[in-house]
Amino acid sequence: MNTPALQQRIAELEAELATAQQQISQLQRDQTLFQGVVEHMPAVLVVKDLEGRFMMLNRTASMASNLTPEQAVGMNDHDLMPPEIANAIQARDREVASSGDPEFYEDTVMIDGKLDFFSTVRFPIRDSQGQVYATGTVAVNVTERKRLEQDNVLFRSIVKHSPIAIGNAPMDPPELNYVNLAYCQLLGYREEELLGLPITEVFGEDPAFINATFQECVTKGTWTGEMRYRHKDGRLIPTLLVASVISDDQGQPIGVTGFVQDLTELKQQAGQLRLFQLLVENAPDGIVIADGQGQITYANRAYHEMFGARESLVGHSALELLTPEERERMTNIWATHMLNKDTFVEQINYRRVDGSTFPAQCSGLVIRDEHEQIVGYATINRDLSEQLRAAEERQELQEQIIMAQQAALRELSTPLMPIAEGVVVMPIIGSIDTSRAQQVMETLLEGIAEHDAALAILDITGVKVVDTQVAGALIRAAQAARLLGADVVLSGISPEIAQTLVHIGVELREIVAKGSLENAIAYALERHRLDHG
């Protein structure tokens with residue numbers, strides 16, 4: 001029955017059908033768009049049921065898991081990853097499904113031994129009745145970012161604790177915006193005191209020179225040279241500055257970083273080394289250094305002059321400069337001291353370049369490295385030619401002087417004087433030894449014979465010590481005089497000498513003794529008068 005009401009209803013149904021078809025077409029377009037977005041999005045998209053089984057993976061997730069979506073459906077995290085990582089991921093899925101709210105996490109994922117880090121958002125998926133039946137995960141791989149962050153932390157730590165002072169200044173204005181600990185220690189400031197300071201205030205050079213150097217570094221890209229910094233207390237610090245331009249991604253300079261090495265100690269060492277070199281080079285003694293094989297590596301001016309060498313001796317063997325007989329002896333000495341780790345002092349006969357030889361005092365030592373391995377030898381050599389010649393001349397002169405002195409002493413210390421006919425006097429002064437006793441006897445006997453003396457006076461007033469030797473010499477002189485027909489009178493005996501003679505048991509029966517020379521002369525004159533009436 002074709003009534004208007006039926007026709008109206010058919011028209012309404014057709015309109016509803018057209019609308020439904022439009023909605024279906026829109027849903028199909030939306031689904032295609034959604035699938036395209038999901039499939040090509042760079043982030044990982046994974047949908048799992050409440051049992052943790054994969055329901056859907058987009059292409060990025062498929063590539064990350066090395067599985068096609070068809071292969072992955074029905075699998076779970078334990079099929080792809082180690083248990084401890086899979087358990088952690090599933091626990092987070094259950095947490096989201098239970099709470100019904102999206103959550104943000106940072107996941108660690110390991111597939112085929114490759115460890116990656118993901119920044120993820122997990123969300124519940126509900127059905128038409130609002131019940132959660134699945135969970136979705138959208139994850140972005142942040143492994144590279146994590147690595148860069150770790151490298152950045154490591155880099156900052158290295159720079160901060162570097163023993164080299166490091167500071168940075170931007171292009172405009174050139175003020176310090178970064179300094180490490182060594183930079184602060186070098187200048188004596190705290191970090192907050194340095195940050196923001198114009199670079200001209202930390203240098204000890206003229207500000208115009210600093211600004212010009214900064215611009216030169218910007219133009220050339222680098223600058224290296226010595227530069228003085230100013231410490232907080234005002235003193236200047238010599239440094240080696242290596243400056244480099246820092247550029248952005250477009251290659252535009254954005255600042256300058258300086259690497260600063262304190263040269264104070266090196267300057268002091270260099271000064272000491274220069275002083276040492278001057279002292280060694282101008283030393284009057286010959287100084288030489290040889291390596292472990294005995295090859296000369298250094299010889300000062302005096303060493304070359306000592307050997308008459310006009311050309312450098314560096315590179316020659318030190319043994320070549322010894323006389324043949326000295327080579328074996330010194331080789332043994334060096335070997336001995338190598339074992340004993342000792343120094344040595346020896347007199348050595350060297351051979352000059354012209355073949356002549358000379359004696360020298362050689363003071364040597366073995367040079368060792370930090371591992372006690374021998375790396376060379378050093379010797380200080382002094383030519384003894386003039387010294388030995390002078391010593392010989394002094395010895396000869398000394399012997400001549402001694403002989404002259406002895407002759408003079410013989411003449412002066414044992415004079416013999418006639419005081420009357422047949423009477424002579426011989427005063428004795430000083431100590432009497434064997435040589436002097438023989439001299440006394442010879443002088444006495446010669447005087448008695450020369451003057452035909454019958455009486456000889458020996459005066460010992462000038463003899464301070466009389467012992468057994470002296471007494472014996474006097475007795476022998478008296479006995480010898482008797483053989484020539486003369487008597488001996490001994491004068492100048494002090495109380496001390498008398499006690500000594502008694503103490504040592506000297507018998508003076510053959511000698512007339514008087515206490516003084518005056519008494520002895522009086523005795524002699526009286527006896528001469530009686531004998532010649």
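Two strands count as paired here if DSSP finds at least two bridges between them, and strands themselves are DSSP runs (E, at least two residues), numbered from the N terminus, as are helices (H or I, at least four). The model is a predicted one, so to speak only of its own numbers: local features need pLDDT of at least 70, side-chain atom pairs count only at pLDDT 80 or more, and totals for chains, interfaces and linings use all residues. Residues are numbered from 1 along each chain as its sequence is written, and side-chain values use heavy atoms, with hydrogens and water left out.

On that basis, β13 and β14 (residues 357–368) run antiparallel and are joined by eight bridges, with Asn349 partnered by Pro359 of β14. Both belong to an open, antiparallel sheet of five strands, ordered β12-β11-β15-β14-β13. β12 (296–299) and β13 (344–351) sit at the edges with a single partner strand each, so one side of each lacks a neighbour in the sheet. On average, neighbouring strands are turned by 30° against each other, direction ignored.

Elsewhere, β3 (residues 103–111) and β4 (residues 114–126) are antiparallel too, joined by nine bridges. Met110 has Leu115 of β4 as its bridge partner.

As for helices, α13 (residues 434–451) and α14 (residues 468–483) have axes (lines fitted to C-alpha atoms over the stretch in contact, with angles from 0 to 180 degrees between N-to-C directions) that come within 10 Å and cross at roughly 20°. The pair is therefore roughly parallel (angles under 35 degrees).

Terms used
Angles under 35 degrees count as roughly parallel, over 145 as roughly antiparallel, 65 to 115 as roughly perpendicular and the rest as oblique.
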